[in-house]
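Work through the exercises below with the sequence and the model at hand. Each task is followed by a solution in steps.

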Amino acid sequence: LLIAVVVYLLFPISFTNLLYIFLFGFLGNVYDTILGAFFQVAYICPNCQSETEKKVHCNQPTIKSRGFTVLNNDAVNLLSGLLAVITGLMIYLYLV
């Protein structure tokens, strides 16, 4: 919402475009939550039993507990952003 409002205040865009920015930003957040919850890799530290994103914790190798190894937090962020942009473009082009 903050990004959409700042863009609206700084640039000459319509209120409709403000709503598009807000909705597609929110959609990216939803994608990020779903991908992170179901597909992002997570590891368990054998020493302290905490869940972590790191392959080494407490100076020991961790054990993969779920997710895909290639989908770390950075990959999930990139993928959710790309999905939001692609979905947004498809919807925008369909409506315009």
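**Exercise 1: the sheet**

Strand S1 (residues 42–44) pairs with S2 in the antiparallel sense over 2 bridges. The model under study is predicted.

Task. Find the bridge partner of isoleucine 44 in S2, then give the order of the strands in the open sheet and explain why one side of S2 and of S5 is left without a neighbour.

Solution. 
1. Isoleucine 44 has glutamate 51 of S2 as its bridge partner.
2. The open sheet is made of 3 strands in the order S2-S1-S5, with antiparallel pairing.
3. Strand S2 (51–52) and strand S5 (63–66) stand at the edges; each has a single partner strand, so one side of each lacks a neighbour in the sheet.

**Exercise 2: helix H3**

Task. Compare the span of H3 with the expected value, identify the residue that caps the N-terminal end of H3, and list the buried residues of H3.

Solution. 
1. Helix H3 covers residues 73–95, which is 23 residues. From the first C-alpha to the last, H3 reaches 33 Å, close to the 33 Å expected at 1.5 Å a residue.
2. The N-terminal cap of H3 is asparagine 72, which has a side-chain oxygen 3.3 Å from the backbone nitrogen of aspartate 74.
3. Buried requires a relative accessible area under 20%. In H3 the buried residues are Val76, Ser80, Ala84, Thr87 and Gly88.
4. Helix H2 (15–38) is included in what covers these buried residues of H3.

**Exercise 3: the largest pocket**

Task. State how much space lies in the largest pocket and which element supplies the largest share of its lining.

Solution. 
1. The largest pocket holds about 210 Å³ of space.
2. Its lining consists of Tyr20, Ile21, Phe24, Gly25, Ala84, Val85, Gly88, Leu89 and Tyr92.
3. At least two lining residues come from each of H2 and H3.
4. H3 supplies the largest share, 5 residues.
5. Ala84 and Gly88 belong to this lining and are also among the buried residues of H3.

Technical notes:
Residues are numbered from 1 along each chain as its sequence is written. This is a predicted model: local features need pLDDT of at least 70, side-chain atom pairs count only at pLDDT 80 or more; totals for chains, interfaces and linings use all residues. Side-chain values use heavy atoms; hydrogens and water are left out. Two strands pair if DSSP finds at least two bridges between them. Helices (H or I, at least four residues) and strands (E, at least two) are DSSP runs, numbered from the N terminus. The expected span of a helix is 1.5 Å times one less than its number of residues. Buried means under 20% relative accessible area, exposed over 50%, partly exposed in between (1.4 Å probe, protein chains only). Contact means heavy atoms within 4.5 Å. A polar contact is a pair of N or O atoms within 3.5 Å; within protein, one must be able to donate a hydrogen and the other to accept it, and residues adjacent in sequence count only if both atoms are side-chain atoms. On a 1 Å grid over the protein atoms alone, a cavity is a set of points where a 1.4 Å probe fits but cannot get out, and a pocket is an open set with protein on both sides within 12 Å along at least five of seven lines; lining residues have an atom within 4 Å of a point. Grid points are joined across faces, edges and corners, and a volume is the space filled by probe spheres set on the points.
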